[in-house]
Structure formats: structure tokens, C-alpha cells
Amino acid sequence: MLLNEKTKIYGREVGNRVVLHPMEGCDSAPDGGIGELTRRRYLRFAESGAGIIWFEATAVSAECRANPRQLYLNENNKESFRSLVAEIKKRAVECCGFEPLIIMQATNSGRWSKPSGTPEPLIAYHNELWEKGKEDLPYTVVTDEYCDGIVEKYAQAARLASYAGFDGIDVKCCHGYLMNELLSAYSREGKYGGSFENRTRLYFDCLKAVFENKSDSLFVTTRLNACDCFDYPYGFGVNEKNEIDLTETKMIISRLADMGIELINLTLGNPYLIPHINRPCLNAPEDGMDGEKRIYRITKELQQAFPNMKLIMSGLSYLGADCIDYAEKALEDSAAYFAGFGRMSFCYPTFYADYLKNGELDKSKCCLACGKCTELMRHGSVTGCPVRDGEVYM
């Protein structure tokens with residue numbers, strides 16, 4: 001079984017090819033540190049049997065938090081992160097017999113910033129489609145000077161992640177957040193817009209800063225949008241006919257490989273605009289398997305174009321009790337190297353350990369792809385599964 005094979009990335013042994021995706025709980029302590037529900041979630045994740053636990057989006061500065069309870073690692077709360085990372089590894093050894101690799105996702109929420117609970121969007125450029133019906137929000141088009149300053153914030157995130165004991169750090173570039181939005185800033189003036197070199201400048205500058213400021217024990221990775229899909233014409237990875245075009249995506253991945261990055265957590269689209277584009281779900285405008293096949297097709301094209309890069313496939317929780325078998329077939333087909341699970345970890349954190357023990361998943365615990373966890377987040381609540389973990393989240 002490929003999923004359960006040990007492998008190596010960045011010279012580190014990984015217990016298997018199962019990854020828990022970064023899933024925001026919106027449950028930090030007031031200072032951005034680890035809250036009680038944060039700790040509860042990650043200790044449950046530690047019992048999953050997954051080889052990699054991808055820690056959720058963690059803001060690099062106070063003004064770019066997606067909500068007042070988004071994690072924000074800083075000098076004042078770094079001990080709470082360090083303590084939890086150690087606890088996760090200890091619990092995993094006790095329950096599963098090995099330490100998972102733990103990756104921190106560093107982010108600037110950009111357009112989706114709500115540091116005080118109300119929108120304070122930090123945008124790369126105005127977008128009529130995204131802003132339709134929200135024209136009165138206090139948009140701030142970030143200046144080149146602001147972008148220049150972000151680089152040091154990612155450098156600091158690398159130093160703090162190193163101290164906290166994370167194994168890796170992810171420079172997040174997906175789902176319409178600032179780094180990803182800049183990739184489609186074709187009409188923006190200045191050094192962060194227009195040409196491919198300019199639109200990718202902040203992304204690569206932040207990656208370089210992370211490489212230069214991390215400890216030797218911390219590796220660098222990224223969660224990357226393969227394309228913006230059909231969110232709007234002329235998005236990143238979309239041609240003038242509004243068709244998916246991975247030309248620039250491949251240019252980025254080639255450069256990431258040259259920088260020494262071995263692992264990419266691949267995703268696509270913008271869940272704020274089209275939730276089902278990377279989270280196939282029930283009651284969507286398209287059949288969930290159509291979305292599943294799109295994710296599969298795009299991931300496979302990129303994995304086969306870069307066979308030495310280890311790509312993680314997304315969207316697998318939609319398959320419910322069949323998700324492990326589907327993921328195994330994807331790996332056998334060389335469509336991806338790792339299988340990533342997000343929503344399933346919220347509702348059924350021990351899913352993979354149970355599969356290894358019983359040869360199947362408990363259908364009564366599996367994700368229903370109902371979208372309730374996302375609804376909680378959108379409405380400003382703490383986030384989890386109100387169906388399977390209703391005692392806490394209902």
C-alpha cells in the first residue's frame with residue numbers, strides 16, 4: 001500500500017504519505033497564541049496516524065489576520081506554540097508509534113483580513129467581481145512599500161517557527177490571499193504588478209527571506225494555487241478564454257525546484273467565491289465528482305511534469321468512506337505523491353489509524369461534505385464539525 005509507505009523529504013523520514021491539510025479553527029487565545037480548542041484539535045490530529053500535520057494558517061502580522069482568533073505567532077506567545085508542537089509529537093508517538101512532521105503555514109490574509117472582526121481588506125488591486133455588493137468596504141490597495149515590509153515579517157516568522165520546533169514552514173500562496181492575488185495583478189503598476197517577474201516578486205522574495213532566516217532543522221515548502229480556475233476572467237492560471245492554462249504555474253514550480261523546495265501542497269480556485277472548486281460538496285452547481293476529477297487531472301499534469309517534486313492532492317474528503325481507496329489509486333497512477341485530507345480531519349481525526357486497524361473507515365464518522373464547518377468560519381464562529389463533533393461545535 002503506497003499510502004502507508006515510509007518516505008523521505010528534505011532528508012527527513014515521513015511515516016507515510018498521508019497529510020492533514022491546514023484547517024483553520026479560528027480559536028486562538030486573544031494574543032494569537034494557542035487556545036484551548038486549538039490544543040484539543042491538534043492533539044486529536046496527533047492520533048490520526050498521518051505522516052504530516054500541516055498546521056493551519058498563521059498570520060505574519062496583526063493587521064493581516066483573517067479574524068480576531070486566527071493564530072498569530074509572535075514573540076509574546078511563542079512558548080505556547082513550542083509547547084503544543086512538543087505535545088503533538090509526544091501524543092503521536094504514544095498513539096501511532098512515530099512523530100509526524102509538523103509544518104506551519106505563514107500567511108498574509110490580504111483581501112480577507114478581519115483583524116478586529118469586521119473586514120479591513122488589504123488588496124493587491126480592485127476586482128469588480130470579487131467586490132460586487134461589497135463596494136463600501138474599507139479597501140486598502142497595499143503600496144509597494146507595504147509589500148516591501150512584508151518580507152521581513154516572513155523572515156521573522158521563519159525565526160519563530162524554528163524556535164517553536166516546527167519541522168517546516170509554508171509560504172502560503174493560494175485561495176485569493178495577498179500572495180496569490182498578486183499573481184493575477186496584471187494591471188497593477190509598480191514593481192509588484194504587470195509582468196510575471198513583478199507579479200511573483202513578493203512570493204519569491206518572501207521565500208528567499210525564509211530560507212535565509214530559518215534554522216537548519218526547518219525546511220521550506222508552500223501551498224500553491226495551481227490556478228484560479230473560473231473565479232474570474234484573466235485570473236492566475238487562466239487564459240483569455242477563461243480556460244485553465246498552467247503555463248505560468250509550471251514556471252513557478254520550476255523556480256521553486258531550483259530553490260530547493262521538494263514538497264508542494266497543491267490546491268486551486270478561491271473557496272470564498274466558489275466553495276466547491278477545491279472542496280467538492282453536496283448541493284453544488286456541479287456534480288462533486290466533476291470537481292474531484294478536475295483536481296485529479298490538474299494535480300496529475302503537474303506531478304508528471306515535475307516527477308521529482310512531491311505534490312499533495314487536495315479535495316479527497318468528498319469521497320467519504322472511499323477516500324483512502326481513491327487516494328491509493330491516485331498515488332498508484334502517479335497523479336500525486338502525497339494524499340491530503342482536510343475536512344475529514346475535523347469530523348474524524350483518527351480516520352487513517354482506524355483504516356490501518358480495521359481495513360475500512362467507519363461511515364458513521366466520515367465527512368458528509370455538507371459545508372457546515374466552512375459556514376461556521378464564514379459566520380465568525382470557532383470552527384470544527386458540528387455534525388460529528390456537535391458537543392463542541394453545534
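1. How many disulfides does a search of the whole structure find? The search finds zero, where a disulfide is a pair of cysteine sulfur atoms within 2.5 Å. The model is predicted, so that local features need pLDDT of at least 70 and side-chain atom pairs count only at pLDDT 80 or more, while totals for chains, interfaces and linings use all residues. Residues are numbered from 1 along each chain as its sequence is written, and side-chain values use heavy atoms, with hydrogens and water left out.

2. Two cysteines illustrate the result. The sulfur of C229 has its closest cysteine sulfur in C227, at 3.5 Å, which is too far for a bond; C229 counts as buried, at 1% relative accessibility (buried means under 20% relative accessible area, exposed over 50% and partly exposed in between, with a 1.4 Å probe and protein chains only). For C367, the closest cysteine sulfur belongs to C347 and lies 4.8 Å away, again too far for a bond, and C367 is likewise counted as buried, at 14% relative accessibility.

3. Strand 9 (residues 219-225) is largely enclosed by the rest of the structure, because seven of its seven residues are buried; helices (H or I, at least four residues) and strands (E, at least two) are DSSP runs, numbered from the N terminus. In a regular strand the side chains alternate between the two faces of the sheet. Both faces of strand 9 are covered, with F219, T221, R223 and N225 buried on one side and V220, T222 and L224 buried on the other.

4. Strand 9 has parallel partners in two strands, where pairing requires that DSSP finds at least two bridges between them. Strand 8 (residues 168-171) pairs with strand 9 over three bridges, and D170 stands opposite T221. Strand 10 (residues 263-267) pairs with strand 9 over four bridges, and here R223 has N265 as its bridge partner.

5. N225, which belongs to strand 9, counts as buried at 0% relative accessibility. Its side chain reaches the backbone nitrogen of H175 at 3.2 Å, and a polar contact of 3.2 Å joins the side chains of N225 and D228. A polar contact is a pair of N or O atoms within 3.5 Å; within protein, one must be able to donate a hydrogen and the other to accept it, and residues adjacent in sequence count only if both atoms are side-chain atoms.

6. The structure holds three cavities of 30 Å³ or more. A cavity is a set of points, on a 1 Å grid over the protein atoms alone, where a 1.4 Å probe fits but cannot get out, and lining residues have an atom within 4 Å of a point. The largest cavity contains about 420 Å³ of space, and among its 28 lining residues P22, M23, H175, R223 and R279 are the closest to its centre. Helix 13 gives the most to this lining, with four residues.

7. The second largest cavity has a volume of about 110 Å³, a volume being the space filled by probe spheres set on the points, which are joined across faces, edges and corners. Its lining has 16 residues, with C367, L368, C370, C373 and C385 nearest the centre, and helix 11 gives the most to that lining, with three residues.

Methods:
1 Å grid on protein atoms, 1.4 Å probe; cavity = no way out; pocket = protein on both sides within 12 Å on 5 of 7 lines; lining within 4 Å.
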